[in-house]
Amino acid sequence: MADTLGALRSLMSSHSPPLHALIVPSEDYHQSEYVSARDKRRAFVSGFTGTSGLALITMNDALLWTDGRYFLQAAQQLSDQWKLMRMGEDPAIDIWMADNLPTDAAIGVDTWCVSVDTAQKWERAFAKKQQKLVQTTRNLVGEVWKNRPPAQANPVIVHPLQFAGQSVADKLRILRAKLVQEKARAMIITALDEVSWLYNVRGSDVSYCPVVHAFAIVTLDSAFFYVDRRKMSTEANSYMEENGIIVRDYGDVSSDVVLLASNQLTPSPTKEFLRNPEIDGGNAANKGNGASHAVEFVNDLIWVDPGACCFALYSKVSADKVLLQQSPLALAKALKNPVEMEGLKKAHIQDGAAVVQYLVWLDKQMQEIYGASGYFKEAECTKQKKQLGTKRLTEVSVSDKLEEFRASKEHFRGLSFPTTSSVGSNAAIIHYKPETETCAELDPDCIYLFDSGAQYLDGTTDITRTVHFGKPTPHEKSCYNAVLKGHISLGNAMFPNGTNGHALDILARIPLWKDGLDYRHGTGHGIGSYLNVHEGPHQISFRPSAKNVPLQVSMAVTDEPGYYEDGNFGIRIENVLIVKEGNTKFNFGDKGYLSFEHITWGPYQRKLIDASILVPEEIEWLNEYHAKCREILAPYMNTSEMEWLKKATEPIAV
């Protein structure tokens, strides 16, 4: 690591202009949360492998900013060459740079790896001391990363209409209607899941995310797909041609944006006869005698999402010709169509069956190998570990077994993120990822938390359960019940149209706050339809960004409060919810009300539940949920699994 920092500092000195600091973001050219192995530049330079973080290297310092999910992990992974900067507690990176770097400092960054929003925020902070953001002539990390993984040519896969539920033609028609509405003539689409969703394609360029490394440009009469042509099969090329999508080389997006800016990329629609896409089916190039359908406007803007588009592409367009606004595809993708909704529900049933089968297997293994009292009984372990044979259960081996159960299900295509399989103190690391060489052995006297999900052709899943196979302490049970009460409170919320996730976040925290407890992560995120497991634009969180988009019918969102005690244990409970119309006695203000429906199926461990601190409504809800688990998962269970599930979902006495 020291050699890497030294090599980077040498390149910074020789750069023109010489750089006082170098920013190394986590993101790739598409501002992705999860990136491919060759794009993990920040992880390479710092040694910190979490998905969220930002490295800053000066001639004397190396600093790493990350959020509360990763404080423990970063503290463990960073060498003494690095200083951990805790977001929300330490000064933000732009403030730190403005305060600690000299006047006129040149601060380098690869602007392909930073969003418009972020770059502009930095520039405003730097302006106070005449500091400047410098586009590096090349990616300096790439210069020193000698064993960087090669680019892969994974095939582009057409996502069938039976799973997508909406044709490319319809999606383009709706997008072009939005362009017309916003007086724009084109849009540059950079987010990988938006490109994949719009063109109904999938891929395997990023682990856990079935996306393709590609850009798109959509104008009023053309659509472009920028991709490594080696990924395009005959079928994929024919599909693009049938849908009127022009395939271009991945690297051509840069020069094509320049052409787009000067209105030379495609023929410009004629002003006098641009038909209204809402009326004529969306072929903006159609010209004819339907004068009554004509739309007169000056459509001269290029739409760029400032949170998703890289600063490098934005910089090629005249600032006064850019519409800086959230992509309309983000919301369109979040509002699941009926086919996607049905697929999401089916995927979660398959997934719930796999999780229950895993718990049945794990319960039996813990009793046989460790003498644990098991999932249902509450007693100390009866065996001493030193008397055991060679067989062991580790965080990785049991996680692999869970994947086996999922892999047996229809339409399974892989995991949706690295499984958090964590015992005891490891469960306090919010996004803990066990490694074969260093992972812990399961312990019947400790809490076990697993947060996992899968990709199925018909939907993406995400579930977390916390269990104990021995005798939980009164404190562990108390914390579990506070988390459970918050989970139930949010899931049972009834709220008016127009309510955002920021307003609802408190519901999950109040039971924890009563005991002086809390957690450092958001409470809910959107989830894709065989796409990214984390999807916007909506979220349920204490962060101000959760104020931006109200929750709407047919959105999917997680409900996942938790509590983490450093060095001791962690608790999290997570289900996926869908937003539906609420059934209220009244309708104040004629707003209409919304509620949630749980679509995740897996029991909550009764041994950890203290019914005496639950109110009757909470017990009633748990009993109803468990009854549905039995009914919905029964067709997937064998006799012994069904016996276990019946016992796990027995009603709690009110």
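Reader: Is Trp644 buried or exposed?
Author: In this predicted model, Trp644 is buried, with a relative accessible area of 8%. The cut-off for buried is under 20%.

Reader: And Tyr375, buried or exposed?
Author: Tyr375 is buried, at 2% relative accessible area.

Reader: How are the rings of Tyr375 and Trp644 arranged?
Author: They form a tilted aromatic pair, 4.7 Å centre to centre with 50° between the planes.

Reader: Which parts of the chain does that pair tie together?
Author: Tyr375 is in the loop between helix 15 (338–370) and helix 16 (395–407), and Trp644 is in helix 20 (residues 639–648), so the pair ties together parts 269 residues apart in sequence.

Reader: How many aromatic pairs in the whole structure?
Author: The search finds 22. One of them is Phe44 with Trp145: the centres are 4.7 Å apart and the planes at 10°, so this pair is stacked. Phe44 sits in helix 2 (residues 41–46) and Trp145 in the loop between helix 6 (140–144) and strand 7 (157–158), 101 residues apart.

Reader: What is the accessibility of Phe44, and of Trp145?
Author: Phe44 is partly exposed at 22%, whereas Trp145 is buried at 12%.

Reader: Which residues do ring pairs link into a cluster?
Author: Tyr29, Trp112, Phe215 and Tyr250.

Reader: Other topic. Which ring does the charged end of Arg509 sit over?
Author: That of Tyr519, 3.8 Å from its centre. Arg86 lies over the face of Phe71, 5.6 Å from the ring centre.

Reader: Where does UniProt put the Creatinase N-terminal domain?
Author: The unreviewed entry places it at residues 7–136. That span is 32% helix and 21% strand, and its end C-alpha atoms lie 15 Å apart.

Conventions: Residues numbered from 1 in each chain as written. Predicted model: local features only at pLDDT ≥ 70, side-chain atom pairs only at ≥ 80, totals over all residues. Heavy atoms only, no water. UniProt positions renumbered as here; feature names shortened; annotations may be inferred. Helix = DSSP H or I, 4+ residues; strand = E, 2+ residues; numbered from the N terminus. Phe/Tyr/Trp six-rings, centres within 6.5 Å; stacked < 30°, edge-to-face > 60°. Buried < 20%, exposed > 50% of the residue type's maximum accessible area, 1.4 Å probe, protein only. Lys NZ or Arg CZ within 6 Å of the ring centre and 35° of its normal.
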